[in-house]
Amino acid sequence: MGKGKINVSVENIFPLIKKFLYSDQEIFLRELVSNATDALTKLSHMSSIGEIKGDIGNLGLEIKVNKKEKTLHIIDNGVGMTSEEVKKYINDVAFSGAEEFLEKYKDKKEDAGIIGHFGLGFYSSFMVADKVEIITKSYKDESAAHWICDGSPEYSLKKSQKEERGTEIILHISKDSKDYLEESKITELLNKYNKFMPFPIKFGTKEETINKDEKGEKSETKTVDNIINITNPAWTKTPSDLKDEDYKNFYKELYPFQFDEPLFHIHLNVDYPFNLTGILYFPKISNDLNIQKDRIQLYQNQVFVTDNVEGIVPEFLALLKGVIDSPDIPLNVSRSYLQSDTSVKKITNYITRKVADKLNSIFKNDRKSLEEKWNDIKVVIEYGMLTEDKFYDKAEEFNLYPTVDEKYLTYPELEKKIKKSQTDKDGNLIILYAQNKDDQHSYIKNAKEKGYEVLLLDSPIISHLIQKFESKKEKVKFTRVDSDALENLINKEDNKVSKLNDEEKEKLKPMIEDVVSEEKYTVQLEPMDSNSLPFMLAQPEFMRRMKDMQQTGGGAMGSFPEMYTLIVNTNHELIGKILNTRTENKRKRLIKQSIDLAKLSQSTLKGEELTEFIKRSIDLIK
Ligand code: ADP
Ligand code: MG
């Protein structure tokens, strides 16, 4: 059949390909295995529609390493090629693909991240090989062909004696790519890219122990083919055929080193207007959003592409795990292009909707289980509500508000509960919350004693979300239990008479102001319950929240001063005592001590102040 010259304008295409793809070299194996899989799929399809008659045998592929010859073999029993087809598909088609690739990326070295996604196909084998051979026999009744190319545009094509149907690709691995002759390296790559391919991939053999009787007393080790992949992963099956157990097992197959079980799963399955299948899992999510080892994996026709799904999966779902398989996601484009692509937008919206629907159905059908898992998943939901308006609207139905007593209320339930008792004079509904049960313990206790409902909102992004809640709901104010706005409520409820008369009050105020710094504290006298604390420190909700928001990113700019309202309970015994202490030093010490106690109850007494407090306390008791 002779020799020939491949028809390309770029003479030196191979060195260029090598240079370009250096960092992504390993994709050659994925490309060759994909081609073999395509050939098997074609054959099985043609057989199923009767275009190929008779038995087609067991379909599969095999990878072999020959260290001595320094060759790597990818063998399949798919459709094969006639010599005409080799000329057409390898010399013309594959080459034009390589050329097109080079045209596109010649000047864009910085976009290297996407190169691996570009199906450079067959020619990517020249990244690691000096010489490539194809020995192939078509399913058609024609003799086999043997194509050899050493990396220059010249090739030779002759007849071959190959009898069985299919294709063998032989790579003569180059000196600087010796790694690809190591079994461990090939195993690693097959595991990464081909773990869920639809046809069995054999790589070497392994020892298997077979029990010959039930008790396992007689057992025998046998050498069997080492099949590296799972050909029918759960996501390719119909959801109704799968049990909970199957989903959990698949999770283990995906993440063999993950020991926590997933909390629940979402099976994705659409074929119009785009094709997408997959399974997403909600793992246990800690508040530390930075720990994120195993990520969602993107496949195309069961071939692993990437675990960077940015731009495809909505950002708030990046904490989920699992698999998405879609041939409709364009990958040979930049991330920013991806985000503006309308079909990708549809995919993103679909995923968001499915996640919301799943959560809603758990809420409706098994609310208890949603409540039990709430603290492990709420970060995702809160982040979703914050960043995606479409999700916010859906999530309003199932979003739960946990209370400090571990009740989980929907918004309407919460509203009904507090409507009567928790409104301020302007008719705003005041929703009380704590961010930390321990730090804000005395304030929670105080509020609970007054019969108020207190939520426990402890996620790192909650301040941002509260801000959004308030903007979406009318006449609703969120107020942390230690905020000064709480006073509006407490006053209304208590409506108590003060034990001190006006003259005493006028005397008391400057005594306290004298001890605390003026810029930081506003002193406010309140006739509260005599069982309440003598002094309480309250921060303006707004200031504190803005600070919080700055710390977790975003929010208003500028620095916020630390400001407190120092609430003095004029009905407390101790206040009377302060008022009646004649010795100035002693009085000052009493006030200082009391304010420190207030700080201590809020866990804000730290450093030098704490040291002084301890010293003063010892002096007082000795
Ligand atoms: P693509 O797979 O995107 O078409 P490739 O460069 O990977 O591009 O392959 C070019 C063509 O060569 C394929 O479309 C196919 O027709 C043919 N081919 C490659 N490998 C095989 C194989 N193992 N068996 C049969 N045909 C193959
Ligand atoms: Mg290909």
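The model is predicted, so local features need pLDDT of at least 70 and side-chain atom pairs pLDDT 80 or more, while totals for chains, interfaces and linings use all residues. Residues are numbered from 1 along each chain as its sequence is written, chains are lettered from A and ligands numbered from 1 in the order in which they are written, and side-chain values use heavy atoms, without hydrogens and water.

## Exercise 1: the ligand

**Solution.** 

Step 1. A polar contact is a pair of N or O atoms within 3.5 Å; within protein, one must be able to donate a hydrogen and the other to accept it, and residues adjacent in sequence count only if both atoms are side-chain atoms. For Asp 76, a polar side-chain atom is 3.0 Å from a nitrogen atom of the ligand. Phe 122 contributes through its backbone, where an N or O atom lies 2.9 Å from an oxygen atom of ligand 1.

Step 2. Ligand 1 exposes 530 Å² when taken alone, and the protein buries 78% of that. Accessible areas come from the Shrake-Rupley method with a 1.4 Å probe; for residues, only the protein chains shown count as cover.

Step 3. Helices (H or I, at least four residues) and strands (E, at least two) are DSSP runs, numbered from the N terminus.

## Exercise 2: salt bridges

How many salt bridges does a search of the whole structure find, and where in the chain do Lys 364 and Glu 397 lie?

**Solution.** 

Step 1. The search finds 36 salt bridges, each being a side-chain nitrogen of Lys or Arg within 4 Å of a carboxyl oxygen of Asp or Glu.

Step 2. One of them joins Lys 185 and Glu 188, with the closest N and O atoms 3.7 Å apart. These two residues are 3 residues apart in helix α4 (residues 183-193), so about one helical turn separates them. Lys 185 is buried at 18% relative accessible area, whereas Glu 188 is partly exposed at 43%. Buried means under 20% relative accessible area, exposed over 50%, and partly exposed in between (1.4 Å probe, protein chains only).

Step 3. Lys 364 and Glu 397 meet in a salt bridge with an N to O distance of 3.6 Å. This pair links distant parts of the chain, 33 residues apart: Lys 364 belongs to helix α7 (residues 342-365), and Glu 397 to the loop between α9 (389-395) and β15 (401-402). Lys 364 is exposed at 58%, and Glu 397 is partly exposed at 44%.

Step 4. In the salt bridge of Lys 472 with Asp 389, the closest N and O atoms are 3.8 Å apart. Lys 472 lies in helix α12 (residues 462-472) and Asp 389 in helix α9, 83 residues apart. Both are partly exposed, Lys 472 at 40% and Asp 389 at 45%. Elsewhere, Glu 470, Glu 541, Arg 544 and Arg 545 are joined into one network by salt bridges that share partners.

## Exercise 3: strands

Which strands pair with β22, and in which sense?

**Solution.** 

Step 1. Two strands pair if DSSP finds at least two bridges between them. Strand β20 (residues 521-526) pairs with β22 in the parallel sense over 6 bridges, and Thr 522 has Thr 565 as its bridge partner in β22.

Step 2. Strand β21 (residues 535-538) runs antiparallel to β22, to which 4 bridges join it. Leu 537 has Leu 566 as its bridge partner there.

Step 3. Because 6 of the 6 residues of β22 (residues 564-569) are buried, the strand is largely enclosed by the rest of the structure. Tyr 564, Leu 566 and Val 568 are buried on one side, and Thr 565, Ile 567 and Asn 569 on the other.
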